[in-house]
Amino acid sequence: MEGSEIKEEKEAGIGQKKKIFVAGATGNTGKRIVGQLLTKGFAVKAGVRDVDKAKSVLPEGNPLLQIVKADVTEGSAKLADAIGDDSDAVICATGFQPSWNLLTPWKVDNFGTVNLVDACQKLGINRFILISSILVNGAAMGQLFNPVYIILNVMGLVLVAKLQAERYIRKSGINYTIIRPGGLKNDPPQGNIVMQPEDTLFRGSISRDQVAEVAVEALLHPESHYKVVEIVASTDAPKRSFEELFGSIEQQ
């Protein structure tokens with residue numbers, strides 16, 4: 001009981017403007033997560049492969065932003081050095097770049113995520129948020145012939161790689177929130193967020209701005225702990241608070 005109380009106290013403190021490590025910080029979703037974290041007053045350590053690119057993509061002159069070189073494919077020891085003992089949580093927004101190398105999705109979306117989790121455990125960091133995708137478990141959902149499931153898995157079985165990473169996270173004991181968005185749009189949000197339990201949604205899209213918002217709000221709401229949530233946007237959906245959205249999903 002005493003250990004549980006200490007753990008809960010530590011987790012509850014994430015919302016008190018701590019430092020968050022963002023992996024994949026220059027990606028289309030990652031840079032939005034960085035921006036929204038800074039807006040909320042969090043200190044951000046942006047983990048990137050190309051520091052020069054990051055300086056041109058991420059906000060300039062913000063004292064709360066630190067850019068560090070970090071490649072999730074290089075192993076947990078190097079990642080632990082990049083994350084550092086001053087980070088309180090990790091958000092993983094990495095994604096492979098399409099190529100003819102069919103092993104790339106596994107290096108990034110599976111082993112890369114596993115490396116991040118292992119680095120967190122080396123450092124004693126107990127909060128991990130993953131940006132994944134709907135349809136990762138499409139086979140079990142009866143969606144083997146869904147065109148999106150087929151197209152994405154043609155590129156090195158990327159959805160299978162993501163699902164294996166999710167399973168590793170869930171078995172690790174770390175306090176996780178796995179966010180599975182629908183089709184990602186760079187456009188501003190259209191409609192309100194719809195949040196459903198895992199293996200529910202097989203169509204729909206959502207603005208990357210809203211995905212970033214869900215990731216940041218997951219840090220602030222304990223209702224998000226140990227949950228897998230699927231999100232899309234709909235113009236027909238009512239506006240709901242994040243407390244209500246996360247609270248509607250059962251804890252795993």
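This is a predicted model: local features need pLDDT of at least 70, side-chain atom pairs count only at pLDDT 80 or more; totals for chains, interfaces and linings use all residues.

I started with α6 and α7: their axes come within 6 Å and cross at roughly 85 degrees. Angles of 65 to 115 degrees count as roughly perpendicular, so α6 is roughly perpendicular to α7. I listed who touches whom: Y149, L152 and N153 of α6 meet V158, L159 and V160 of α7.

Next I stayed on α7. This helix covers residues 158-172, 15 residues in total. I checked its reach from first C-alpha to last and got 21 Å, close to the 21 Å expected at 1.5 Å a residue. What comes after α7? I found G173 there, with a positive phi near 90 degrees.

Which residues of α7 are buried? I wrote down V158, L159, A161, K162, L163, A165, E166 and I169. I then looked at what these buried residues pack against, and the list is α5 (104-123), β5, α6 and β6 (175-181). A reminder for reading such a list: an α-helix has 3.6 residues a turn, so residues three or four places apart point the same way.

I placed S132 in the loop between β5 (127-131) and α6 (147-154). Is S132 buried or exposed? Its relative accessible area is 8%, and the cut-off for buried is under 20%, so S132 counts as buried. Its side chain makes a polar contact with the side chain of E166, at 2.6 Å. Leaving aside neighbours within four places in sequence, I have S132 in contact with K162, E166, I178, I179, R180 and P181. K162 and E166 are both on my list of buried α7 residues.

Then over to another helix pair, α2 (residues 30-39) and α8 (residues 208-220). They pack at an angle of about 50 degrees with their axes 8 Å apart. That angle makes α2 oblique to α8. I noted the crossing as right-handed. On the α2 side I see R32, I33, Q36 and L37. Their partners in α8 are R208, D209, A212, E213, A215, V216 and L219.

Last stop, K18. I found this residue in the loop between α1 (2-12) and β1 (19-23). K18 has a relative accessible area of 30%, so I put it down as partly exposed. How far apart are K18 and D86? They are 68 residues apart in sequence, and I get 9.0 Å in space, C-alpha to C-alpha.

Notes:
Residues are numbered from 1 along each chain as its sequence is written. Side-chain values use heavy atoms; hydrogens and water are left out. Helices (H or I, at least four residues) and strands (E, at least two) are DSSP runs, numbered from the N terminus. Buried means under 20% relative accessible area, exposed over 50%, partly exposed in between (1.4 Å probe, protein chains only). A polar contact is a pair of N or O atoms within 3.5 Å; within protein, one must be able to donate a hydrogen and the other to accept it, and residues adjacent in sequence count only if both atoms are side-chain atoms. Contact means heavy atoms within 4.5 Å. The expected span of a helix is 1.5 Å times one less than its number of residues. Axes are lines fitted to C-alpha atoms, for helices over the stretch in contact, and angles run from 0 to 180 degrees between N-to-C directions. Angles under 35 degrees count as roughly parallel, over 145 as roughly antiparallel, 65 to 115 as roughly perpendicular and the rest as oblique. A crossing is left-handed if the near helix is turned anticlockwise from the far one by less than a right angle, and right-handed if clockwise.
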